[in-house]
Each structure stands twice: as C-alpha cells, then as structure tokens.
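Have the sequence and the 3D view open while you read.

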Amino acid sequence: MTEDQNGLESRASADVVVLGAGPAGLVLGNLLVAAGIDCVVLERASRAHIRNRARAGFLAPNTVRILDRHGLADGLRRDGRSHGTCEFRTGDGRFRLDYGTLGRRERHTVYPQQNLVSDLLERYVGAGGRIRFGTEALTVHDADGTRPHVTAREPDGRPVRWDARYVAGCDGRHGAARRSLPPTAVRHRHDHGVSWLGLLAEAPPSLDAVGYAVHDRGFAGHMARGPEVTRYYLECHRGTPADAWSEERIWDELDLRMRAGKYGPLRRGPIVERGVVDLTCDVVEPLRHGSLLLAGDAASLTAPAAAKGANLAVLEAELLAGALTDTLRRGDAGALDRYSARSLAFIWRAQEFTQWMTGLLHALPGQDRSGGSFFQASVRRARLDSLRTSLAHQDWFAENYVGV
Ligand code: RFL
C-alpha cells in the first residue's frame, strides 16, 4: 500500500476487490484464492461482529454440495443437523409435510449462518486470503471505464483507494455496490405489504419441525437454530418498532397464533435478539455493469418466508468465481455476461416460490374493496387445503422448498 503525495489517501490494488464478508463475499474469496486469483475482501464491520451475526440457518442441499465441492463444508458436516419436516397450523387443524421424503427426497441442513461465516473466514485467512475489517467501501468508480476502483474508509477514518480489474459487490442490501449502480441498472421491486417481527430466543425448539401458523391475528413461525436457540416470527403492522412488544406479550401472542393450547406449549426463554423485517423483494438487472458484478443480497433480496437468501448468495458466489476465473485466466470475454443471465434465472425461480409461499402464509392486504380480504383469505385456505391433500402439490412444494 502506498500513500499519495498529499499523504491523505492510501492506494492499493487487487485484481478482484470483493465488497463484504457475508456468505457471498467469503465463498467468492475462498474460490478466487483457490484459483490463484489476486483478491482482497473489504468488510465494514469487525471480525467479531460478522462471526456473531445471527441470520439464516436453513441450508439447501445444493448449498451443501457447493460448499462440499470446494472443501468448505467441514463445520456444517460436523455440527449441522438434517431437517425434513414442516408443520402447518390453521383454523381447520394442522398437518405435517415430511418434505424430505417427497419430491427429490432432499433435506435441509440446519447450521447457523454465523457459524458458516466463521468457517469460511477461517479457511480464507488460512489459505492466505487478504481481508480488511472495519473498512467501509464508499463508492465504486469508473466501472464502465478503464480504471475501475473503490474508494473506502479505513478503521482510523483515513480514505483509501483500491484499484481493481473487477469489483464484486457482495455487500448486501445497503452496500456501496448498489449505491454505485449506473442509471442503466434496473431495480425491480415488489412489496408484499406485510412485516415480521423476527425473534431469536434462548430456548430449545418447541417442535421437531418448521412451524407455520396461519391465524386471523397474523402469521407466526417457528424455526430451530440449535438445541438451545430458536427463531420465531410474528407478523406485525408495518412500522411497528422492534421493541414495541414486551417479552410476555410476544410469548402470549406466539402461544395464541401457534395454538399452543391445542397442540402443546412453547418452550419459553429470553428473547436475545429482535428486529422488524418488511417483506419486500427486489432484483437488480443485469448483475454485471462493466467491471462491477453483484452477488447475494446486493443482487437480489428475497423475503425470508422461503429461506432462500443465503442459499442464493452461495450459488451466485460459485458462479461468479467461475466466471471471473474464466475471464482472468482464459480471456473468456462472455463469461461475466453469462454469469448475470444464469444467476438471474435462479433468482427469479426463488422469487416465484417466495411469492407463492408468502401468499400461503398471509392474507395479503391491498386487495380491492369489494370483499378483497375475504377473497384472499379463502384463496389461501384453498391453497393450504390443496397442499394438505394433493400428493402432486406436495412433491412440487418439496422440490421448491429445498431447492435453489
Ligand atoms: P450479507 O450477509 O448481508 O453480507 C454483506 C456484508 O457486507 C458488509 N457491508 C459492507 N462492507 C464494506 N463496505 C460497505 N459499504 C458495506 N456494506 C455492507 C456487511 O457488514 C456484511 O458483512 O450478504 P450476503 O453475503 O449477500 O448474504 C445474504 C444472506 O446474509 C441473507 O440473504 C440471509 O441471511 C437471508 N436469510 C435467510 N436466508 C436463507 O437462505 N435461509 C434462512 O433461513 C434465512 N433466514 C435471513 C433469515 C435473513 C434475515 N434477516 C436479516 C432479515 C433470517 C433473517 C432474520
């Protein structure tokens, strides 16, 4: 790293500058290092922060295969738990789907995202990968020109310029890559119109299945994260502050919507994390803008109803690593455009299923005034009934639920 003449801006370079050390950025970094490509990861947060940030937990079989293929699956093979059942609870009763025995007979691996990120980080650093924590990328410059570079702020606040041949925007929904997109980039956005209060409880799971409760008071969800930690969701009004509900009210509401009185009590424990998620989706098209490539949440946001985000991030990172390797090693000029087209096909499939799943779990608002909500609620009920009774529908569900 060198300093410029006035001593204000440091200057450094890498063939590929990766923004963000989430699942997308760290899978990409690992694969680039393995291919012998010079790269650096710039991460705004601290090492401790990314190792502790609880988010996803349900890894699709294809995600596990990708991580396996590149020797990145030791931790999840050791500590991950296989999962293949979900339970729907409605006013009409409850039914279980053993999706692991339906469709392609594939199961999820439950492995907390922060553990995956810790594994990926350890492997990346162990393989000699460069990473700068506490370094916030500000803007990607000249992505369409001859001198692409990233301006960033180092932990001590000093500016730094990273020259690059390619910049991989893996810095999520609020990152610098999205802010730096040219006007030609299109962001297709869809708002499902509902919000969830996402909760992490220090409590053992209450069911041996993912629980989806459909209730007149709103949706409630249950997902195991580990033997002592469970994620719960409660549908709430848009704009509800995350701290609006006391712990007691949260548990009472979960009891009510999950019909604990009928199907057995929930195992309570302290709520250690909470946040409100608006169920919105978007897709940026294309994913390539000259030297700037997008992957993971930076490329597309999916509502958490179908747990696709982290899985798409890993898939896109593998595709992008292959395309960058083909471009930099073999001079394949079309590889990066093909990356965009191939990834978008997966992204839209995931969006389609997420949309279907969101409609299954909520009576979506914003319908026409002539009894729209009754109509929607009845359609939802019919959809659940079809899922309960039709083997073909169950196979379709299973294939899409575990697939990306
Ligand atoms: P991430 O994980 O957000 O990582 C982006 C990284 O970039 C850093 N960053 C910057 N660094 C430098 N300069 C800047 N200007 C920067 N701006 C940001 C951030 O600090 C961060 O480290 O994106 P990535 O890698 O694309 O991975 C996406 C996944 O994290 C996300 O899709 C999933 O967590 C979504 N999701 C789930 N996905 C699943 O597949 N299965 C699940 O069960 C699941 N559960 C969830 C979820 C997301 C949730 N939240 C966050 C709404 C549950 C929840 C509650």
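## Around the ligand

The side chain of Gln113 has an N or O atom 2.8 Å from an oxygen atom of the ligand; a polar contact here is a pair of N or O atoms within 3.5 Å, and within protein one must be able to donate a hydrogen and the other to accept it, while residues adjacent in sequence count only if both atoms are side-chain atoms. Before going on, note that this is a predicted model, where local features need pLDDT of at least 70, side-chain atom pairs count only at pLDDT 80 or more, and totals for chains, interfaces and linings use all residues. Residues are numbered from 1 along each chain as its sequence is written, and side-chain values use heavy atoms, with hydrogens and water left out.

| Residue | Protein atom | Ligand atom | Distance |
|---|---|---|---|
| Arg55 | polar side-chain atom | oxygen | 2.8 Å |
| Gly309 | polar backbone atom | oxygen | 3.3 Å |

How much of the ligand's accessible area does the protein cover? On its own the ligand has 1000 Å² of accessible area, and the protein covers 93% of that (areas come from the Shrake-Rupley method with a 1.4 Å probe; for residues, only the protein chains shown count as cover).

Two or more residues of the shell come from each of α1 (23-34), β10 (136-141), β16 (229-236) and α9 (309-330). Of these labels, helices are DSSP runs of H or I with at least four residues, strands are runs of E with at least two, and numbering starts from the N terminus. The biggest giver is α9, with 4 residues.

There are 35 residues around the ligand, and Glu43, Arg53, Arg55, Gln113 and Asp297 come nearest (a residue is near a molecule or strand if one of its heavy atoms lies within 4 Å of it). By type, the shell splits into 15 nonpolar, 10 polar and 10 charged residues. Nonpolar covers Ala, Val, Leu, Ile, Met, Phe, Trp, Tyr, Cys and Pro, charged covers Asp, Glu, Lys and Arg, and the others, Gly among them, are polar.

## The 8-stranded sheet

Now for the strands. An open sheet of 8 runs in the order β7-β6-β14-β15-β16-β13-β17-β20, with mixed pairing; two strands pair if DSSP finds at least two bridges between them. At the edges sit β7 (93-97) and β20 (300-301), each pairing on one side only.

Strand β17 (residues 271-285) meets β20 in the antiparallel sense over 2 bridges. Val283 has Ser300 of β20 as its bridge partner, and Asp282 has Leu301.

Helix α10 (residues 335-361) touches β6 (86-90), β13 (186-201), β14 (210-213), β17 and β20, and its direction makes about 130 degrees with that of β17. Helix α12 (residues 391-402) touches β6, β7 and β14, at about 120 degrees to the direction of β6. Contact means heavy atoms within 4.5 Å; axes are lines fitted to C-alpha atoms, for helices over the stretch in contact, and angles run from 0 to 180 degrees between N-to-C directions.

What does β13 pair with? With β17 it forms 13 antiparallel bridges, where Ser195 faces Asp278 and His188 faces Val283. With β16 it runs antiparallel through 7 bridges, Leu197 being the partner of Leu234.

An open sheet of 3 strands has the order β4-β8-β5, with antiparallel pairing. Its edge strands are β4 (58-59) and β5 (81-83). β4 and β8 (residues 108-110) share 2 bridges, and Leu59 stands opposite Thr109.

Glu285 and Pro286 are joined by a cis peptide bond, with omega about -10 degrees; Pro286 is in the loop between β17 and β18 (288-289).
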